[in-house]
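Please read the following report with the sequence and the three-dimensional picture side by side. It moves from single residues to the sheet, then to an aromatic pair and finally to the pockets.

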Amino acid sequence: MTMTTQNELFDSLRLELRRGCLILAVLAQLRVEHYGYTLRKALADEGLAIEESTLYPLLRRLETQGLLSSEWREEEKRNKRFYRLSAAGEAILEQLLVEWNGINDSLHRILKDKRER
């Protein structure tokens with residue numbers, strides 16, 4: 001495998017890994033109302049930078065699925081769309097967190113077992 005191919009494969013797998021994590025992170029961050037910029041900043045501050053071209057389609061999809069609600073408001077003389085977790089989103093987030101913690105625990109056990117061999 002060439003270095004270029006390996007880098008491309010890594011980038012592809014990294015994107016897959018991040019995709020599910022970003023959904024969980026966005027839902028969790030939207031327990032508190034944010035508009036796009038502040039949401040991106042909050043995620044980046046926690047070490048999960050996200051491109052606008054990824055964030056806004058994700059927000060639209062999560063809203064279409066009923067997991068978010070949004071409203072346009074003027075703030076600092078600019079119209080901004082504020083997003084917040086809906087009641088259905090809160091329920092789904094709690095279920096996803098249980099699943100995430102189970103997966104995380106399993107991975108820790110698997111990775112720990114491999115290191116000890």
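A residue is called buried when its relative accessible area is under 20%, exposed when that area is over 50%, and partly exposed in between, as found with a 1.4 Å probe and with protein chains only. The model is predicted, and for that reason local features need a pLDDT of at least 70 and side-chain atom pairs count only at pLDDT 80 or more, while totals for chains, interfaces and linings use all residues. Residues are numbered from 1 along each chain as its sequence is written, and side-chain values use heavy atoms, with hydrogens and water left out.

**Two residues in helices**

Helices (H or I, at least four residues) and strands (E, at least two) are DSSP runs that are numbered from the N terminus. Leu43 belongs to helix α2, and this residue counts as buried because its relative accessible area is 2%. Between the C-alpha atoms of Leu43 and Leu55 the distance in space is 11 Å, with 12 residues separating the two in sequence. Asp113 lies in helix α4, which covers residues 87-116, and it counts as partly exposed because its relative accessibility is 40%. Its C-alpha atom is 31 Å from that of Ile92, a residue 21 positions apart from it along the chain.

**The sheet and its hairpin**

Two strands are said to pair if DSSP finds at least two bridges between them. In this model 3 strands make an open sheet in the order β1-β3-β2, and their pairing is antiparallel. At the edges stand β1 and β2 (68-75), each of which pairs on one side only. The pairing of β1 with β3 is antiparallel and runs over 2 bridges, with His34 opposite Tyr83 of β3. The pairing of β2 with β3 is likewise antiparallel and runs over 8 bridges, and here Ser70 has Tyr83 in β3 as its bridge partner.

With 2 residues between them, β2 and β3 form a hairpin. Most residues other than glycine have a negative phi. Lys77, found in the loop between β2 and β3, has a positive phi near 65 degrees. Glu76 counts as exposed because its relative accessible area is 64%, and Lys77 counts as exposed because its relative accessible area is 78%.

**An aromatic pair and a charge over a ring**

Rings of Phe, Tyr and Trp (its six-membered ring) form a pair if their centres lie within 6.5 Å, and the pair is stacked if the planes are under 30 degrees apart, edge-to-face if they are over 60, and tilted otherwise. The structure holds 1 such aromatic pair.

A charge sits over a ring if NZ of Lys or CZ of Arg is within 6 Å of the ring centre and within 35 degrees of the ring normal. The charged end of Arg73 sits over the ring of Phe82 in this way, 4.0 Å from the ring centre.

**The two pockets**

On a 1 Å grid over the protein atoms alone, a pocket is an open set of points where a 1.4 Å probe fits, with protein on both sides within 12 Å along at least five of seven lines, and its lining residues have an atom within 4 Å of a point. A volume is the space filled by probe spheres set on the points. In the table, Ala, Val, Leu, Ile, Met, Phe, Trp, Tyr, Cys and Pro count as nonpolar, Asp, Glu, Lys and Arg as charged, and the others, Gly among them, as polar.

| Pocket | Volume | Lining by class |
|---|---|---|
| Largest pocket | about 280 Å³ | 7 nonpolar, 1 polar and 5 charged residues |
| Second largest pocket | about 190 Å³ | 5 nonpolar, 2 polar and 3 charged residues |

The largest pocket is lined by 13 residues, of which Leu15, Arg19, Leu22, Ile50 and Thr54 are the closest to its centre. Helix α1 gives the most to the lining of the largest pocket, with 6 residues. In the second largest pocket, the largest share of the lining comes from β3, with 5 residues. The residues that line the second largest pocket include Tyr35, Trp72 and Tyr83.
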